[in-house]
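Good morning, everyone. Let me put the model on the screen, and then we will walk through it together.

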There are 4 protein chains.
Amino acid sequence: MEKKHQRPIAPRDEELIKNLLNRTNRIEGQIRGIKRMIESDEYCDDILTQIFAAKSALDSVSKLLLKHHIHGCLIEDIKRGEHEVVDELLLTIGKLIK
Amino acid sequence: MEKKHQRPIAPRDEELIKNLLNRTNRIEGQIRGIKRMIESDEYCDDILTQIFAAKSALDSVSKLLLKHHIHGCLIEDIKRGEHEVVDELLLTIGKLIK
Amino acid sequence: MEKKHQRPIAPRDEELIKNLLNRTNRIEGQIRGIKRMIESDEYCDDILTQIFAAKSALDSVSKLLLKHHIHGCLIEDIKRGEHEVVDELLLTIGKLIK
Amino acid sequence: MEKKHQRPIAPRDEELIKNLLNRTNRIEGQIRGIKRMIESDEYCDDILTQIFAAKSALDSVSKLLLKHHIHGCLIEDIKRGEHEVVDELLLTIGKLIK
């Protein structure tokens with residue numbers, strides 16, 4: 001299947017991109033922290049706490065992306081009379097519900 | 001509250017540590033990949049897919065840690081007649097169920 | 001705050017309603033089964049398995065509702081130039097991501 | 001495979017059983033409420049909110065069961081020098097992490 005979209009239908013503004021990059025930079029730092037905890041043989045529960053924090057930070061990035069996706073791309077898509085993004089969104093939500 | 005454990009009660013063997021480090025190295029690479037996708041303004045759904053993959057890889061690390069924690073630390077703790085790890089474990093499971 | 005919608009913006013057809021009711025009837029049966037397992041003091045893990053099954057059945061109902069909601073109500077709402085449903089949907093998705 | 005345990009290894013006391021039954025009775029009522037909402041064609045988001053509430057109530061039952069299971073059955077099992085419950089618990093936790 002040919003990929004339908006290479007770029008967001010509604011462009012992300014600079015502020016959003018900066019916000020997303022700040023967050024993923026921080027997450028990269030969290031993952032390196034987890035690596036160091038494993039290397040220095042720290043206690044299981046402390047490492048798990050950091051893993052939960054990193055997952056939760058990834059969720060914040062997902063929410064920001066989805067917010068722009070729905071407010072921007074989805075509305076634009078529907079106005080154009082296309083409903084591709086709607087079907088994709090349902091697949092994505094399907095992965096979230098479990 | 002004073003921290004009860006600095007180190008795992010039952011030591012992690014080399015193979016487990018290596019396995020955990022390989023996995024977290026790979027996750028670090030995934031996070032850098034997500035950063036690049038944001039920088040090059042890729043499509044929302046493709047970035048979300050990568051975020052879901054990174055979260056699922058973090059879950060595998062959690063499971064490995066918990067497996068050792070329960071088979072090693074918890075059993076050792078109970079044999080010693082202490083039940084600290086049991087209470088901690090319930091808190092951790094409480095965070096998982098939601 | 002005044003409630004904005006009493007009814008779905010796009011009506012649910014009979015087949016969907018029947019499907020939803022069949023599923024919730026079955027879930028009601030599952031809950032009664034869990035009650036009986038508790039009353040007859042069955043093994044913890046077996047009860048947990050039934051609870052996971054009931055949660056997963058509830059998720060299927062959520063997905064069916066959301067599918068109709070997005071394909072029906074959301075598209076209708078955006079075509080009318082209103083975006084209320086979009087904001088609501090983001091709140092709902094926010095509850096799903098965690 | 002023969003079923004290993006028909007009953008909890010450590011018996012549940014009356015108060016716990018009563019607590020569990022009260023909660024599952026309430027959940028049964030919630031499911032019947034959801035059925036009525038579908039029958040009277042209520043708004044999608046309102047039904048979803050009730051479904052999330054029922055899932056969260058099921059989680060509370062799971063936590064109560066697991067608490068007794070770990071504090072009672074698991075500790076008893078390990079003291080007897082058997083580790084069956086440990087392996088089962090890891091499988092159950094594996095279902096929770098995802």
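**How the copies meet**

Start with chains A and B. Of the interface residues of chain B, 100% are also interface residues in chain A, so the copies meet through the same surface. Keep in mind that this is a predicted model.

How are two copies of a chain related? In general, by a rotation about an axis and a shift along it.

**Helices against helices**

Now the packing. Two packed helices are described by the angle between their axes and the distance between the axes.

Pair one is α1 of chain C with α1 of chain D. Both helices cover residues 14-39. They pack at about 170°, and their axes are 10 Å apart. Angles over 145 degrees count as roughly antiparallel, so α1(C) is roughly antiparallel to α1(D). What kinds of residue make this contact? There are 14 nonpolar, 4 polar and 8 charged residues.

Pair two is α2 of chain A with α2 of chain C. Each runs over residues 44-79. The angle is about 75°, with 9 Å between the axes. The roughly perpendicular range is 65 to 115 degrees, so α2(A) and α2(C) are roughly perpendicular to each other. Who touches whom? From α2(A) come A:Leu74, A:Ile75, A:Ile78 and A:Lys79. From α2(C) come C:Leu74, C:Ile75, C:Ile78 and C:Lys79. By class, that gives 6 nonpolar, no polar and 2 charged residues.

The crossing of α3(C) past α2(D) is left-handed. On the α3(C) side, the contact uses C:Glu88, C:Thr92, C:Lys95 and C:Leu96. On the α2(D) side, look for D:Asp45, D:Leu48, D:Thr49 and D:Phe52. The classes are 3 nonpolar, 2 polar and 3 charged residues.

Let's zoom in. Find A:Ile34, in helix α1 of chain A. Is A:Ile34 buried or exposed? The relative accessible area of A:Ile34 is 1%. Buried means under 20%, so A:Ile34 is buried.

What does A:Ile34 touch, once residues up to four places away in sequence are left out? In its own chain, A:Ile47, A:Gln50, A:Ile51 and A:Ala54. From chain B, B:Thr24. Take A:Ile51 from that list. A:Ile34 and A:Ile51 are 17 residues apart along the chain, with their C-alpha atoms separated by 7.2 Å.

Stay in helix α1 of chain A and find A:Arg23. A:Arg23 is partly exposed, at 26% relative accessible area. Setting aside neighbours within four places in sequence, A:Arg23 is in contact with A:Ser60, A:Val61 and A:Leu64. For a sense of distance, A:Arg23 and A:Asp13 are 10 residues apart along the chain. Their C-alpha atoms are separated by 16 Å.

Switch to chain C. C:Arg32 is in helix α1 there. With a relative accessible area of 34%, C:Arg32 is partly exposed. Leaving out residues up to four places away in sequence, C:Arg32 touches D:Glu28 and D:Arg32.

**Into the loop**

C:Glu42 is partly exposed, at 26% relative accessible area. Not counting residues up to four places away in sequence, C:Glu42 touches C:Met37 and C:Ile47 in chain C. In chain D, C:Glu42 touches D:Gln6, D:Arg7, D:Pro8 and D:Arg12.

In chain A, A:Asp41 sits in the loop between α1 and α2. What is phi of A:Asp41 near? Near 55°, a positive value in a residue other than glycine. In chain D, D:Asp41 lies in the loop between α1 and α2. Phi of D:Asp41 is also positive, near 55°, and again the residue is not a glycine.

That is the tour. Over to you for questions.

Notes. Residues are numbered from 1 along each chain as its sequence is written. Chains are lettered from A and ligands numbered from 1 in the order in which they are written. This is a predicted model: local features need pLDDT of at least 70, side-chain atom pairs count only at pLDDT 80 or more; totals for chains, interfaces and linings use all residues. Side-chain values use heavy atoms; hydrogens and water are left out. A crossing is left-handed if the near helix is turned anticlockwise from the far one by less than a right angle, and right-handed if clockwise. Helices (H or I, at least four residues) and strands (E, at least two) are DSSP runs, numbered from the N terminus. Contact means heavy atoms within 4.5 Å. Ala, Val, Leu, Ile, Met, Phe, Trp, Tyr, Cys and Pro count as nonpolar, Asp, Glu, Lys and Arg as charged, and the others, Gly among them, as polar. Axes are lines fitted to C-alpha atoms, for helices over the stretch in contact, and angles run from 0 to 180 degrees between N-to-C directions. Angles under 35 degrees count as roughly parallel, over 145 as roughly antiparallel, 65 to 115 as roughly perpendicular and the rest as oblique. Buried means under 20% relative accessible area, exposed over 50%, partly exposed in between (1.4 Å probe, protein chains only).
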